[in-house]
Amino acid sequence: MSDLALSVANLSKSFNIDHQRNGAGSYRTLHDDLMSLPSRLIGRLGQNRRPTSETFWALKNISFDVRQGEVVGIIGANGAGKSTLLKILNRITEPTNGGADIYGRVGALLEVGTGFHPELTGRENVFLNGAILGMTRAEIKRKFDEIVAFAEIEKFLDTPVKRYSSGMYVRLAFAVAAHLEPEILLIDEVLAVGDTQFQKKSLQKMEEVAANDGRTVIFVSHSMPTVARLCPRVIWLRGGEIAADGPSDEVIQKYSNVVFVDQDRISWPDGFSNAGVHELKFTSVGLLDKSGRPTTHFDYSEPLNFELSYIVHDSLSFCRIGFLVHALDGTPVFEVYDVDEDVKDGRREPGSYIVRCEVPGDLLKPGRYSLSLNAGMPGVKNLVRLDGALQFSVEDAALPGAAMNLPRLGVIRPKTKWFRKTL
Amino acid sequence: MNLRELWSYRDLLWILVERNIKVIYKQTALGMAWVALQPLIAATILAVIAGRVAKLPSDGVPHLLFIFCGLTIWNYFSQTAQRSSTSLVNNSQLVSKVYFPRMLIPLSHTFSTLVDFAVTLVMVFIFMAIYHVPPTFHLLAIPGFLFLTAITSTGVALWFSALSVKYRDCNYALPLLLQVWMWASAIIYPTSMIDSPRWRLLSALNPVVGFVEGFRWCVIGRSALNSTMFWITVAMSIFTLLTGAFFFRRVERRFADII
């Protein structure tokens, strides 16, 4: 057993989704804990306490071993638990049950630019970020020139990074992360960032790192060709469980039979839902333009259409189904549910349904967004949750004020009416 | 306690310390002058109140020197506690996205605040020259008292930084607590004012009293600090650090999920 790099045994991770306080920043205050203490004590005695939070299993009983020098790909739809698994292997978060034994120094290419300080210069941030990612000062010094050259920011080394363009920022951040040399390397492909050219360069760099000198690599990716090329072995995660683990061609073949991922549509012939949920399953989600054509690029002034197909197996009540839209930096933009307008009481009878949600044009700021899906009975049960199912962009053609089009503050860019009189 | 792991991350600790120092007075016109100005103005106000208004004793030295000594130690203590107590939350991005020993974040402030301490210490020496206080060998004990102050404030910082991950109330509670703590710490009055020896011993349960009196013993040469009080102070310092570290270790595993 001495050639093991990783040994994961019965690993599970659950999150509590708190329903009393929705939305971001819902941390508890001491007051909340003190005030709810009596009811928690009584609730523990009484039988009929109402659940205020539900448990969501991001990972359930995962077990696998990775030998030293193995390159393993991890695939699966968004929300299947890939990121959570990487976070646990990287010791950022603790598993709820089970554990992972790790033999060697772990380095991760999971997040780019964490720990960059806006007031510090590019040079200072390379050292700061490198150290945060686990490099020693001597190591960073040795690779400094290589990092800077890769990021193409030689001229701005002594400028505070708050004056950097977002492209420069991301390039520098990726360059630091990509020069880590741990024994076990965790890579998340969403890391490929920046403009198209740099994206290509960073993907290439990742492949180079992954293919290198007998290092152990765990590679999370959505790109089947890349996984097939780099990884002899692939693990497929579905709904927090291992759906398949084996030679890459076999696993990818199985995966392609079950999920069809396109840029503008995901389909699940067998239905998709959280582990253990059978009442409701999603079968397809897609993005359509105003005339019903599939697209991922919307004009600023045009309405956006989200289309969702689902099957109800058991009748449900008080159930809402809807969409969440986030900007790519993670800022929530809005959250809408069909109970807002369509099925007001949330009653669901068995059957297959297709629902389309139209979001008005002249509203979203040009940029990239991700679409998440959510279905559940608020306060009772979470049925389906899929974060970042699809991505789309709003293009700035026909944007008002284009003649003086400096970047504007804010999350949205509504079209406004102006009234002026000469006095 | 995983000391070996902490040690292996010493480069990161040092870089975090550097970052704290570089960042704190960036984009201010006066820059590091603030480090000197803050205690100087505070000490002047307190000296007027203690000397002219309240007519408190000051162990036979001018009020300004007496109070400045107290503030030198107190500021180090409270700044370390205050800056590091919010440090985890301020660095939540780091905590939830990268792994490294979390203790490094609050710990880095214990070291970076030493810069402020060094500046005020130089000012203490200037005051000694101005008021013709002769230096003695007692001065050599300053690092010892500084060390005790550092481990105690680190203990407080570990408690509050870990608590504030779950309870943001700490951001409001700690400044209040520190205000009360300051008035209880023999900064504008000497412990020699307290007549009953039993009450003096009791006041040593607040370790800051020991640091302040100890520091004044180093500078002025006399103080009400006796050996019993000193050992109580040492015990309380170690107690604060150990409980803080223990509590921090216990809850740090869940930081990334709840921050």
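Is the crossing of α4(B) and α11(B) right-handed or left-handed? The numbered points below come to this after an overview of the two chains.

1. This is a predicted model, in which local features need pLDDT of at least 70 and side-chain atom pairs count only at pLDDT 80 or more, while totals for chains, interfaces and linings use all residues. Residues are numbered from 1 along each chain as its sequence is written, and chains are lettered from A and ligands numbered from 1 in the order in which they are written.

2. Chain A holds 8 helices and 19 strands, where helices (H or I, at least four residues) and strands (E, at least two) are DSSP runs numbered from the N terminus. Of the 423 residues in chain A, 34% are buried, a residue being buried if 20 or more other C-beta atoms lie within 10 Å of its own, exposed if 12 or fewer, and partly exposed in between, with C-beta atoms placed from the backbone. Among the contacts in chain A with a separation of 6 or more, 70% link residues 24 or more positions apart; two residues are in contact if their C-beta atoms, placed from the backbone, lie within 7 Å.

3. One open sheet of chain A has 6 strands in the order β5-β6-β7-β3-β8-β9, with mixed pairing; two strands pair if DSSP finds at least two bridges between them. Its edge strands are β5 (106-109) and β9 (241-247) of chain A, each of which pairs on one side only. Within this sheet, β6 (residues 184-188) and β7 (residues 216-220) of chain A run parallel and are joined by 5 bridges, and A:L186 has A:I218 in β7(A) as its bridge partner. Helix α2 (residues 82-89) of chain A packs on the sheet, and its direction makes about 150 degrees with that of β6(A), axes being lines fitted to C-alpha atoms, for helices over the stretch in contact, and angles running from 0 to 180 degrees between N-to-C directions. Helix α8 (residues 248-258) of chain A also packs on this sheet, where it touches β3, β8 and β9 of chain A.

4. Another open sheet of chain A has 5 strands in the order β13-β19-β18-β15-β16, again with mixed pairing. Because β13 (297-299) and β16 (332-337) of chain A stand at the edges with a single partner strand each, one side of each is left without a neighbour in the sheet. Strand β15 (residues 320-327) of chain A pairs with β16(A) in the antiparallel sense over 5 bridges, and the bridge partner of A:F323 in β16(A) is A:V336.

5. Chain B has 13 helices and 0 strands, and 47% of its 259 residues are buried. Helix α4 (residues 63-85) and helix α11 (residues 207-220) of chain B pack at an angle of about 135 degrees, with their axes 9 Å apart. This makes α4(B) oblique to α11(B), since angles under 35 degrees count as roughly parallel, over 145 as roughly antiparallel, 65 to 115 as roughly perpendicular and the rest as oblique. As for the opening question, the crossing of α4(B) and α11(B) is right-handed; a crossing is left-handed if the near helix is turned anticlockwise from the far one by less than a right angle, and right-handed if clockwise.

6. The contact between the chains takes 24 residues from chain A and 23 residues from chain B. On the side of chain B that touches chain A, the largest share, 6 residues, comes from α2(B).
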